[in-house]
Structures are given as C-alpha cells and as structure tokens.
Amino acid sequence: MAEPAWTEQPPLARLIEAGRPVASADPPGVRLTVRAPRRLVQVMARRGGFRATVDAARGLFGSPPPSRPEAVFTADATLVWSGPGQFLVLDHAEPIDDPAAALRTAFAGTASVVDQSHGRVEIEVAGRQARAMLAKLCSLDLAAPAFAVGAAAATSIDHTNVTLWREPDDSDGPVFRFLVFSTFAESLWHLFTASAAEFGAAKGLR
Amino acid sequence: MRITCPFCGERDLGEFTYLGDAAPQRPLGASGVPGPELEEAFYDYVYLRDNPAGLLREHWYHGGGCRAWLIATRDTRSHAFQAVEAAPGAGASPDGGAR
Amino acid sequence: MADLVGTTGVQRRAAEAATQADGQAAAQPRRLAAGGLIDRASPLRFTFDGRPLTGFAGDTLASALLASGVKLVGRSFKYHRPRGILSAGSEEPNALVELRSGARREPNSKATTVELFDGLSALSQNRWPSLSFDVGSVNSLFSPLFVAGFYYKTFMWPGALWERLYEPAIRRAAGLGRASGLADPDTYEKAWAHCDVLVVGSGPAGLSAALAAGRAGARVILCEDDWRLGGRLLSDPAEIDGRRGLDWADAALAELASLDQVTIMPRTAVFGVYDGGTYGALQRVGDHLPVPPEHQPRQRLWRIVARRCVVCAGAVERPIVFPGNDRPGVMLASAVRTYIGRFAVLPARRTVVFTSNDDGWRTVEAISAAGGEVAAVVDPRGSVPARFEAGSRGVPVIAGVVAAVEGGSGGVRGVTVRTADGRLRVGAGCLAVSGGFNPNVGLASGFRGRPGWRDDIAAFVPSGGPPGLRSAGAANGTFGLAAALREGHAAGTEAAAECGATGHPGEPATAADEALAITPLWHVAGAGKAFVDFQHDVTASDIALASQEGFDSVEHLKRYTTLGMATDQGRTSNVNGLAILAAGRGRSMLETGTTIYRPPQVPVAIGAFAGHHRDEHFHATRLPPSHHWAAERGAAFVDVGLWKRAQWFPLPGETDWLQSATREVRAVRSSVGFCDVSTLGKIEVCGPDAGTFLDRVYINTFSSLPVGRARYGIMLREDGMVMDDGTTSRLAEDHYFVTTTTAKAGPVMQHLEFCRQVLWPELDVQLASATDQWAQFSIAGPRTRDLLVLLADPGEDLSGEGFPFMGARAVRLRGGLPARLFRISFSGELAFELAVPARFGEALARNLMELGAGLGVVPYGTEALGIMRIEKGHVAGPELNGTTTAGDLGFARMMSTKKDFVGRVMAARPELIRPDRPVVVGIRPVDPARRLRAGAHILPKGAVPGPDTDQGYVTSACFSPTLERWIGLGLVSHGRERHGETVRAFDPLRGEDYEATLCDPVFYDPDGGRQRG
C-alpha cells in the first residue's frame, strides 16, 4: 500500500520561481524576501493572568514578552506584540510535531496558546527605498523616530490584518518584517512587488 | 479621521468599525424574569438610541489592528475625539500589566 | 449670426494658413526675444486641432498657444460662445481641451496647467464641425431658453420625454468634452505621508513658512501644484533680502532641500482637509510626459497626516462682469503678467488694461517693459497710483469702465469705454482685467468654516475652519510682499513650535512693502451678455432673474443657476456672483455669505481614488490551500466574498457545469469525494469559561458537550434573528473549535470579541482566528472510511464505535502528520472533515486522489456541495438571510429555555413567533421535467398574484442528480403544515408560472441512516 507523501508547500514559492522578474536596479532599492516558515505560536494571557504570563515567558525566553507594540529579540526567539495581553512567539522547532505543545505546558493556567505556524507567512521588506515603498501600502508612520528598531504594530494592508515590526538595520537601510495571513499572501505579495517595482526590487526566498 | 487606540496609538479611521452608542447596557436575560418587562428592556437596548448633538460615548472596534473594542467619546458636531478607552474586557484585563 | 461666425471662420483659416507659411520664426509670433523661464534651446512640437505648432520646455499648453498667436481655444458650455484663455492657472474656466488621444484622451484639461511635452496633441471641445465654424453657436440665438433654471422650467413635463428627447439633446449640445470610452491604460497609486507641518503653496509666504518650520527642526512637507516652485515670484519682478525674488526663491529651495526633515513635493495639489489632520493631495507623476515611466503611476493620491498645516495657496484674480467680457483676448491682468514674465509671451501688441485696483497697474508696467503698447488704462478711480507714475508715463488713463467688447472668434479688436462724459472706443487685441483678488480660502474653509469679509481688500478671508490649519500670505488676504514674507515665517514658526520643534526658525526675509488699494467694482451694466461663470455660461442677468424668482440664498442661487458648479469650482466666478446678488438685494457681502466649501478643491480622477483597486485587484483575494492544485486540474472558480473557490472540476468531454456537478454528486453518493472547505471561518475558543461563553452566544448548550464531540450550533443577533450557524467541537476541557460560514467569519469574530470584551468581561475566555492555520477538507460518501484508513495512522480507530457521528478529535496521519478529524456531514453521506496544517493542504489533495484512485474518488466543487445540501435540506446563505429566526429554519426546539443567550428575549417577540411566518419547506415542481428557480413566488393554487396572496418564495433550487428532477427549498407561510399541498409558483421576472408541491425539506435519506452509517 502506498504511503501518503507529505510534501510541504513553501509559501509563495510558485510566484517567486514562476513569476516575471520585476525591475532590477543595481543595487535594488527594495529587497523582498519570503522567510522560511518558523514555529509561530499565539500566546493570550488569561483573565488577570498577564503578570503570570510575563513570568512564565521570562523563564522560557530569558526576557519578558512585549506588553506594548514592540518586538523582543531573545537568543532563540522573537516575541512580537499582537494585541493587548497577547503576543506571538517566532522561533525554530521540529517541523512536523504539535508545535504548540511545549508552550501549552509552559503557560498552563496562565495563558491560552494557539499554533499559527501555518496561518501566517513572514515577509521581509528591506532596502534604501523600503519606506517609500511601504508608504504605498501601510498607513503607519514608519520613519525612524516614530518607528524605531524593535517597534511593532498590528495594522492592515489592503484591508487585511498584518503584524509588522522593525528588525535592526542592515548595511543597506531599514529592515521590516511582516506576518500576513497565509490565504492572503499571494494577493499581498503582488501588491508588495508592484509597489516596489519603481525602486528596483530584488525578491527571493530565505 | 484619526482615532487614538489606547493600545496601538493614533491610527487611520479605516482600521476601525463603528458600532454606536455605548450607553445602553444589556439587560439580564436568564437571571431576569422573562415577560413583557424584560422584552421592553431588551427593546430599548436593541433599538432605542439618543442622537445627541455633542459628546457621545460610543463603541468602536479596532478590527484592522489589535482587535480591541474601544469606548470613544466623540463630539458628534465636530468629530473631535475627547477620549478613547479600552472596553472593560479588552486584552487580559482585569490586570494592570496588560493595560 | 451664424453667417457672421462663418465669415470669421473663413478669414481665420486664411490667416492660419498664412502664419504656417511663414515658417518656424513666425510660428511663435507673440514670443518675446528674451526673458522668461523657458528653455529656448529645447523646442517642443505639439498639435492643436491637428495643426502643428511649437513651444519651448517650460511652457504650458496655454502659453505655447498664446505664443503661436492662437486666441480661440474652445466653445462655451451652453451658448457655444467662442472662448480663449482667461488665466494662467488652475482657476481657468475657458481654455479646456481634450488632451492626448485614444485611450489616454482626457477631456476638460486646463490648457493653463498642462505642461507642454514633445508630441502633445490637444483638441478643442464643444464644437462641430470645427472650432471656428460651430453649428451649436446658434444656441446663442435661443439663449432665452437657457436662462437660469432652464432645466427646471423647460423639461418638467412629460417625464418620459426626458430620457428619450431632452437629455440626449442637451448632452449633445451642452457638453464638456468627450470621455475616451476606453479603459484607462495607466495606473494610479495611493500613498501615505506623515509630517509635523504641511505647507501648501511655495510662493513667498509658503517658502518662508517651510523655511521657518524646517529650520526649527519640524518634519515639513511642502506641496506645490505647479511643477516649479516660487509662486508669483516666477511671474513678477521682486526684490527680497536685496536679491532678485527668483534668486531668493532658488536659495530658499536649496536650503529646504538640504534639510533632512523637509520633503518637497512639486506637481502636487492639496485638494482637501479631512478629520484629524488628514489632507488629500494629488501628485501628477506622469501627466507631464507622453506616457508615465515604467512601473510608475500616472498620478498618486496622497493622504498626508499633518499635525499642523499652513495654507499659502495665494489668491486668484477675479474678472469684472461687463458685456462681452468672455471674448477671446479678455484676460486676467495678472495672467498677462505671468505670460510676459514667466513665459516670455506678449499676448497682443496693443492691450487695454481695465482695473479697479493698484495691482492692475503692475500689468501696465510689465507690458511696457516688454515692449508692448498699453492703449489705455481704464480705472474707475481715475488717477494713477503714485507708485506707478513713473512706470506708466505716457499711457492714456481713462476714468471710466469698459462697457462693451468688439470682436468674435478672432479675438478682441477693441473696447468701448464709458466715462462720465460719454463713450469712446479704443482699439486693442487684448483686454487685461483686474477686479481685485480672492484669497484661496477653500482649504481654510473646510469643516463648514465660514470665511469673513474684509472691506479694505474687498475679499473673503479665512475665518474659523479646520483645527490645526492656518493661512498666511495672499491666501490670508495679506497681499503685500513684505507682509506675506513676515506672515509666512511667523506661521511656520508657530506651527513648528506647536509640534514641539525647538530649533531656531531664523529671521524672516525682508522686502519693501506694497499695500493694495482697491475700490470694488463688480458689474458694469449694459446691453449684451455679461458673464459671471464662464465655464457654465451663467450671466449677470441669470443671477438677477434667480434673485427675482426668490432663489436668493447663496445655496439656492448656486443650484438654480449652476453658478460655480463646473469643474473650475467657480474660482473666478463665485465672489462676483455673490456680489451681484448682494447688490441686488441690498445686503452686505457678509450677510450674503458663501456656499459651503467641500473637498476636492481641484478635480481628482476617480482612478486616483481607486488606486490599484481595479480589475483583478479590485479587492484582496484569498486562496484556499488547494487552489493551485485545483487550478492545475482545470477547476472553474467562483468568487465567494474575497475567496476564490473551486466551483466544479470538469473532465474531458464535459461541456456544461451541470454535467460536471451532477457527476461529482453521483460519485460522492455512490463512492467518495472531497471538497476544500478551508474557507469556513475557524475560531479557537480557549479558557476555563469557554463553555459558559459559548452557551451565551449560541441558542443551544455547549458547556455540556463532552470532549471529543462536535455539535451544530446557531447564533442569533440580539434582535432575535439568526446571525450564523456552524459546527463547534470540544477538543479539551478549556478548548473549543468553532466554525462559521464562509461569509460570516469576520462578523462572527467581531461579535464574539464584543461579547468577550464588552458584554461579559468577567468570563475567562480567549479567542484566536485559525482560519488560515488549517487546510480543512470534507471527505464524503459511502467509501469515506475506506479512503481514510489509507490516510490515517493505523492506530486511529475510525469505526462507527471508535469515531461516532459528531465525533471530533486530534489524530495522527500516516507519516506522522498531526491533524484534526471531525465526523460531520453537510452532504448527508458518511463524511468526515479532515484538517491538516495549511501548507500540507495541497499534499492532502494529492494524497486523496492517489490513495482513492481505486475507490473512484472525485474532487467536488461548490456546485456539488450546494446540490447535496439542498437534497439534504440543510439551510445556508439564502435561508440565513438576516430576516429568519431559528424557528423559521426549523430549529425552535434547539433554543434553550434554561439559560440566557444573545437574542433569546427578542426572539420571543410575538411577531417573531407568529404561526403564519414563512418557514423552511421543500418544493418540487409538479411536472418532474420542469425547472425550478430561486426567486419564484409561492401562492395558493389558483390565487391571483399580489401582495395579499404572496406566501413566500423559493430560496434555493437545484437539479438533483439523486432524484433526477429539480428541487428546492423555500420560505413559505405555514409551510410545515402544508407538506403535500400543491401551490402556484409564480415568477414574473422570468415569465414563469407553474404548479409545485410543498414537501419535507429533507429530500434525501430523511432518517439520516447514511451519515450515521
């Protein structure tokens, strides 16, 4: 009897491989990168349980989780604010297990934990012109003082909820990360690439 | 229009959904005595609204952001917001740390 | 009259032919040899009505036309009067052209703002067969028909003639250019910007404001409508800080460009102010080019969020209303100066200047300095202002008014001046007119701000208006250069300080002051049409007539006469109209007031508001996990909200959706099929109080649901109507998994958050949307279990006992993949819904096809899904339509009486439990071959159709492959008691009328044995 084959479909891979190359400039003004999937778990503190959740998270990650719109970078994980009393944990874990199980145990009685590893696609927007490109999509003020490294936000692009935060700059300029709903990812990717085209865009998978 | 979400900061109107007057309180259902009085109370709760020219406390939903329900005090004549607070059960409240 | 026009046309064509024969040099006969901000080394070719002409880089279409000696540019809206170029800016009411050709043809382009580019083509509007010979100009003979309110008076009755006769005729005769009728080939974008201080306008005040705010350290955005910054400094000679005005402007721009926090946006018109300090601005990215650059939009619509705004949008000169004031060659005096100073074009050799204020005298100086002849200055004040004595020496000054203009489509030939002593004629090719200046108060008068009136400058000025916004310079009624520089600097300084900027704003620039003296002159009465609104052909007598007929409030006057309602927004006409109304009624200007100012201040293309939201990107698209796999198999897709769902999967040889869907249903009913149902909303409800919470939002009870089981639930709105339905499973003591309908996923999440955060904050419950996390497939048919055992880990017990109907639990699949399995059925067959992590959804589809090949497995789409749910009598969107109660849908007994839940009390209202309410019932045509269609009304047999006899309608219908006939569901009064009754199905929309039988809505397997099997 044939065994089922579980080939994971990497997000947006089809579009990046088969898609028409967008305008390229040297060096590109914007770099769009679809990040390889990571473990992504939503942690929501129970009623009156935020302080206990903070303690549990500190024990687990060595840093308190964000309590306002920020991203916390720890040695192994990125913790991103996703609403009052809740945050997302992004880190690496075994691909085919119950990714939330360990966290569910760690937060037992203090927070509810929901696996979203397949529910979001992580996209990075970087480069000298990243802000100019994002001005077409995002209503937030992403300028340096208003949106510092480590700032995060829950907002909308094209009427679709996204979570975004700012990573440390690279040599080429600011680096923004987006978590978009998986089923909207192709639609938003089109918008990202079209908005980046005038600046010269490089796109890839990592 | 800009609304200052107590969690997210100032955001564009497009991220919010309007519900309306925050004053009506849901009457108790099962714990009340079913009958005409309770029906009357629910009728008021569901349908009767004041329409003041001036300050109004109203429910807004930050569905395009942090998904918190908010109670905003808005001047209906100028659209100026005087205050925006979180709904009592937003986030993990009651808990000082989450707010 | 027509004859005269014709003669003139012939003469004109002869003159044009002569000009062309003169060759290149003569092609721009009105161009000055030196000066101006044009690049004589960069000649540009363009055509006007097919005639080849040339201009220079730096020209507008209007300046190039004037340079070429073209005076007649268009025909007017109602009377088809010949019209020329009035202004040199965006206030232009006359010189409207169709720009470009083909799909890019754009009507009503203002020649005065169109940047000339090589290869530009423009056509005049509103003329047939040609501009100089226009048949429509006979409308002038019938002008009494076209007076104020003519639409209301003439075409009141009979109504039917509107559509067939009047409207088409009026549209043909009274047009404003032609739309291309083709899809716009260009793209548009929207973008956001944020700043402390938005400065609108880059004249002396705007540059001063931007400099002060920028130096202080504020984030500044400076928007300028023009492509070149400087405002009036581009046109008028000036001295600022001891330098030439233009040099000062260039230095200011260089300094602004050096400041990191300052953004300069040329070609950007700020068109409106909105709540909370949001400003709308339109950036013309590619309008000055034949085709926008690759990957760039033609226009970009900006939403600028600014904490403070300084409006330095200047002032618009207003014409004086006198007979013949619309003749080509009658121009605003400041525009004449702009053409001379900025574009090096002298509109005519001989010019008469008609002015009621000092500023008109600058035009006298400018014409003289450029070598032109000022035939006379007509100033009702009668004396030369002291400041201009030197510059106007030798120019005849007449104390009087212009009472008539000679000339037709060939332009002005002369004017008749009325003085205290009588009339005299002065010959001239151009009449430069100044009636004073109207500050651009539009933005400042947003939010129903009412401008104030200043007698000393005879103009409306900003007063009140949007919070955070202030005006400076001419836009604020401050007309002197020195005062404008000071006021702009002060406004920029204050605005920056209010935003917390602490740097030093520097010192204001200085200049010699010049105050403007004016004696208001609005209207010179006399014989002949005196135009107030050129674009809409509203005359002084129209305003008098409207006032006489009682339309004397400004809002009524506007709508009755259409004053100020054209695309120019009445920028040259409104104040004159109000002044004539005020004078006629003996009221002050302040008492008369203005109409309410509303955005947009300049016309904005719908395309710019739409941005990228067009065609397939009209809205964001959601793709279920098996989308690409389904596309590979040639599935047809249907838009369901934002989703694209597979509708059916055609096989080779199938030509018709019904053929494919019928095959899919038969395969499911006889063997096994699967369908991607990931579009259903999925919500994880967690926390100790999750069960209590669900008890309060559903009509039935979930706290008693055992772990590992699923239950169908119905939610009501608080008014007692059904909101949504779906299956909810209990995966752990404190963890439920709620599914919603595809359509209501968002609204249900919002509702549940409302319940959690507002209604019952005491409940410890957490909600997370998991719609995108899971690829969920329905697997249905008698062989479902045979297929699932090939997929599931051998340790999973899928037997009837081990996994009973409405069982739900986490399982492991072969290969170790974790999954969730629910034994629920929408089709009436033995069925499971299997959920795997979303990136494995495509693999799940492939595995099902491969492993099920021997079982004859088929994928099925939404058509088959819909057919099977109707056969099984399950309600869906057409029945859950917002007007039905749980009782209407047959779920009255599900409503708990032991607990509170949303909608419980209101659902018990007498009207909502009336026994004659339409309720769900099955319907089948008496004739088994007959097609049943949704929408047919149900009446008692033999009843005459009407509101009194209407008993309901067919909500859902399909061809049932199982019953081999058309069947349907309906909402019919007393339906449950009438199974077996023959009724009349009446469908006047489709012309159908037939008999049908009411029956049990469950057409298939009524005792449910198959789904429990």
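Which residues in α11(C) meet which residues in α13(C)? On the α11(C) side they are Ala540(C), Ile543(C), Ala544(C) and Ser547(C), and on the α13(C) side they are Gly577(C), Ile580(C), Leu581(C), Gly584(C) and Arg585(C). The structure is a predicted model.

**Helices α11 and α13 of chain C**

- Helix α11 covers residues 540-548 of chain C, and helix α13 covers residues 574-585 of chain C.
- The two helices pack at an angle of about 45°, and their axes are 10 Å apart.
- An angle between 35 and 65 degrees falls in the oblique class, and α11(C) and α13(C) are therefore oblique to each other.
- Their crossing is right-handed.
- Sorted by class, the residues in the contact of α11(C) with α13(C) are five nonpolar, three polar and one charged.

**Helices α17 and α22 of chain C**

- Helix α17 runs over residues 657-670 of chain C, and helix α22 over residues 862-872 of chain C.
- They pack at an angle of about 60°, with 9 Å between their axes.
- This pair, α17(C) and α22(C), is therefore oblique as well.
- The crossing of α17(C) and α22(C) is right-handed.
- From α17(C), the contact uses Trp657(C), Ala661(C), Glu664(C), Val665(C) and Val668(C); from α22(C), it uses Glu863(C), Ala864(C), Ile867(C) and Met868(C).
- By class, the contact of α17(C) with α22(C) has seven nonpolar residues, two charged residues and no polar ones.

**Chain B as a whole**

- Chain B has one helix and six strands.
- Along the sequence, these elements follow the pattern β-β-β-α-β-β-β.
- The C-alpha trace of chain B spans about 45 × 35 × 20 Å along its principal axes.
- Chain B has 99 residues, of which 31% count as buried.
- Taking the contacts in chain B between residues at least 6 apart in sequence, 47% join residues at least 24 apart.

**Where chain B touches chain C**

- In this contact, 23 residues of chain B are in contact with 23 residues of chain C.
- On the side of chain B that touches chain C, α1 (36-47) and β4 of chain B each supply at least two residues.
- The largest share of that side, four residues, comes from α1(B).
- By class, the side of chain B that touches chain C has 12 nonpolar, seven polar and four charged residues.

**Backbone details**

- Arg67(B) is in the loop between β4 (55-61) and β5 (69-75) of chain B.
- Its phi is near 65°, which is a positive value in a residue other than glycine.
- Arg67(B) has 24 other C-beta atoms within 10 Å, and the cut-off for a buried residue is 20 or more, so Arg67(B) is buried.
- Gln569(C) is in the loop between α12 (554-561) and α13 of chain C.
- The phi of Gln569(C) is near 60°, again a positive value in a residue other than glycine.
- Gln569(C) counts as buried because it has 21 C-beta neighbours inside 10 Å.
- The peptide bond from Pro599(C) to Pro600(C) is cis, and its omega is near 0°.
- Pro600(C) sits in the loop between α14 (589-592) and α15 (606-610) of chain C.

Notes:
Residues are numbered from 1 along each chain as its sequence is written. Chains are lettered from A and ligands numbered from 1 in the order in which they are written. This is a predicted model: local features need pLDDT of at least 70, side-chain atom pairs count only at pLDDT 80 or more; totals for chains, interfaces and linings use all residues. Axes are lines fitted to C-alpha atoms, for helices over the stretch in contact, and angles run from 0 to 180 degrees between N-to-C directions. Angles under 35 degrees count as roughly parallel, over 145 as roughly antiparallel, 65 to 115 as roughly perpendicular and the rest as oblique. A crossing is left-handed if the near helix is turned anticlockwise from the far one by less than a right angle, and right-handed if clockwise. Two residues are in contact if their C-beta atoms, placed from the backbone, lie within 7 Å. Ala, Val, Leu, Ile, Met, Phe, Trp, Tyr, Cys and Pro count as nonpolar, Asp, Glu, Lys and Arg as charged, and the others, Gly among them, as polar. A residue is buried if 20 or more other C-beta atoms lie within 10 Å of its own, exposed if 12 or fewer, and partly exposed in between; C-beta atoms are placed from the backbone.
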